[in-house]
Amino acid sequence: MPSDLLEISDLIVDYDVATLQPRPVSRSAVVARLEANGQRSAARLVRRIPASNDTLDAEACNLALLRSHIELQRLSEEFLQADRLRCVLLPLLQALRDAGVKPPLRIVDVGCGLGYVVRSLAAHGRLGRDVEIIGCDMNVTLIENARRLAEEESLSCELKVANAFQLEQPGHVFISTGVLHHFRGDDLNAFFAGQRQGHAFVHYDIQHSVLSPWGSWMFHQARMREPLARHDGVVSARRVHSTQTLLSAARTETGFTCASLDGARNLLGAVLRPMTATVGTRAELWEPLLRHLGPLRARLGPAR
C-alpha cells in the first residue's frame with residue numbers, strides 16, 4: 001500500500017482555478033488512478049457514481065460531498081473545532097488591534113465547506129464588532145447550503161464561491177480546519193504563499209501520529225454512514241503532514257514567525273490532543289500574540 005493515499009473527494013470534482021468553473025471528470029480515469037495506487041475499495045466506490053459517456057455526474061458527486069460534509073459538521077462539533085479556533089483568534093485579533101491594523105479585521109476560512117466554523121464563530125465567537133468573517137469554497141453546492149443555514153440562523157457572515165487568496169478585500173487572518181493534508185509538495189507551498197498578503201494564519205489539522213489512522217478508523221466506522229466520508233476520513237489521517245513539514249513550508253513561503261500549537265511530543269499527547277494547529281504571524285505581531293495568549297502560550301512549540 002502506498003504511503004501517499006488518494007482521497008476520493010479530491011478526484012471526483014475539478015475546478016478551473018482561474019474561473020472557478022467546474023471541469024468534467026472521467027470516471028474511468030479516476031478508477032484507473034485509484035487502482036494503480038492500490039486503492040481497490042475506493043475504486044469500487046467511484047464505479048458506483050453515475051456517469052454519462054464516462055463523465056461523472058456532477059450533481060451526484062456534489063450530493064455525495066454534501067452528505068460527507070454534513071457528517072463532518074457533527075465531527076467538528078464533537079471536536080469543538082470552532083472553540084479551538086476562537087481561543088487563538090481572540091488573542092490574535094487583539095494583537096492586530098494593538099498594532100494599529102485598521103478595521104474591519106477580516107478572518108477568511110479557506111475551504112470552508114458547509115461553513116460550520118464560520119457560522120459557529122458568527123453565532124458564538126464574540127470576536128468583536130470590528131471583525132468580518134468570510135468563508136470561501138470552490139464548490140457551489142456546499143456554499144449554497146452554507147448560505148441557507150446562515151440565513152436560517154440569522155448570522156452575520158459571508159459565504160463565497162471564491163478563491164480565498166484572491167478576494168477583492170484581502171483577509172487579515174486565514175484559518176482552516178482539516179484542509180492542509182489535501183495539499184502536497186508544490187501545492188502546499190502555494191497554499192502558504194497565498195497568505196503572504198495577510199497578517200496571520202491558524203490552520204488546524206489532524207495530529208500526525210502512528211495512532212491517528214487507527215483512531216480515525218474506529219471513529220468513522222462508529223459514527224459515519226456516508227461511504228465517501230468513511231473512506232476519506234481514514235485516508236486523511238494517513239495523509240497528514242508532520243509538524244516539521246508544515247512549519248518549513250509556512251515559514252519559507254510567508255516569511256512569518258511560525259509555531260505549532262498542541263503538537264504531540266509523545267503517544268499520550270497524540271491521544272489527548274487529536275488536533276494540532278500551525279500558527280503564524282508577521283514577525284512584529286508574534287510577541288504581542290504571545291502576551292495575549294495566556295495559558296495557551298505553554299502549548300506552543302518552538303517558534304521558527
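This is a predicted model: local features need pLDDT of at least 70, side-chain atom pairs count only at pLDDT 80 or more; totals for chains, interfaces and linings use all residues.
Next, the second largest pocket. Its volume is about 430 Å³. Of the 20 lining residues, S41, W217, H231, V234 and V235 are the closest to the pocket's centre. Which elements give two or more residues to this lining? They are α3 (40-47), α9 (212-223) and α10 (227-239). Helix α10 gives the largest share, six residues.

Now the charged pairs. How many salt bridges does the count come to? It comes to 15.

Pair one is D4 with R184. Their side chains meet in a salt bridge at 3.3 Å, N to O. This pair links distant parts of the chain, 180 residues apart. D4 is in the segment before α1 (8-11). R184 is in the loop between β6 (173-177) and α8 (186-193). Are these two buried or exposed, or in between? D4 has 36% relative accessibility, so D4 counts as partly exposed. R184 has 27%, so R184 counts as partly exposed too.

Pair two is E153 with R119. The closest N and O atoms of this salt bridge are 3.3 Å apart. Again the pair links distant parts of the chain, here 34 residues apart. E153 is in the loop between α7 (140-152) and β5 (158-161). R119 is in helix α6, residues 116-124. Look at how the two partners sit. E153 is partly exposed, at 38% relative accessibility. R119 has a relative accessible area of 4%, and buried means under 20%, so R119 is buried.

K160 is partly exposed, with a relative accessible area of 28%. E158 is partly exposed as well, at 35%. Some salt bridges share partners. In that way D4, E7, D10, R184 and R239 are joined into one network.

Last, the backbone. Where is the cis peptide bond I want to show you? It joins P103 and P104, and omega is about 0°. P104 is found in the loop between α5 (81-98) and β3 (105-110).

Then look at phi. D54 has a phi near 75°, a positive value in a residue other than glycine. D54 lies in the loop between β1 (51-52) and β2 (55-56). At 31% relative accessibility, D54 counts as partly exposed.

D262 also has a positive phi, near 65°, and D262 is a residue other than glycine. Its place is in the loop between β8 (257-261) and α12. Buried or exposed? D262 is buried, because its relative accessible area is 4%.

Terms used. Residues are numbered from 1 along each chain as its sequence is written. Side-chain values use heavy atoms; hydrogens and water are left out. On a 1 Å grid over the protein atoms alone, a cavity is a set of points where a 1.4 Å probe fits but cannot get out, and a pocket is an open set with protein on both sides within 12 Å along at least five of seven lines; lining residues have an atom within 4 Å of a point. Grid points are joined across faces, edges and corners, and a volume is the space filled by probe spheres set on the points. Helices (H or I, at least four residues) and strands (E, at least two) are DSSP runs, numbered from the N terminus. A salt bridge is a side-chain nitrogen of Lys or Arg within 4 Å of a carboxyl oxygen of Asp or Glu. Buried means under 20% relative accessible area, exposed over 50%, partly exposed in between (1.4 Å probe, protein chains only).
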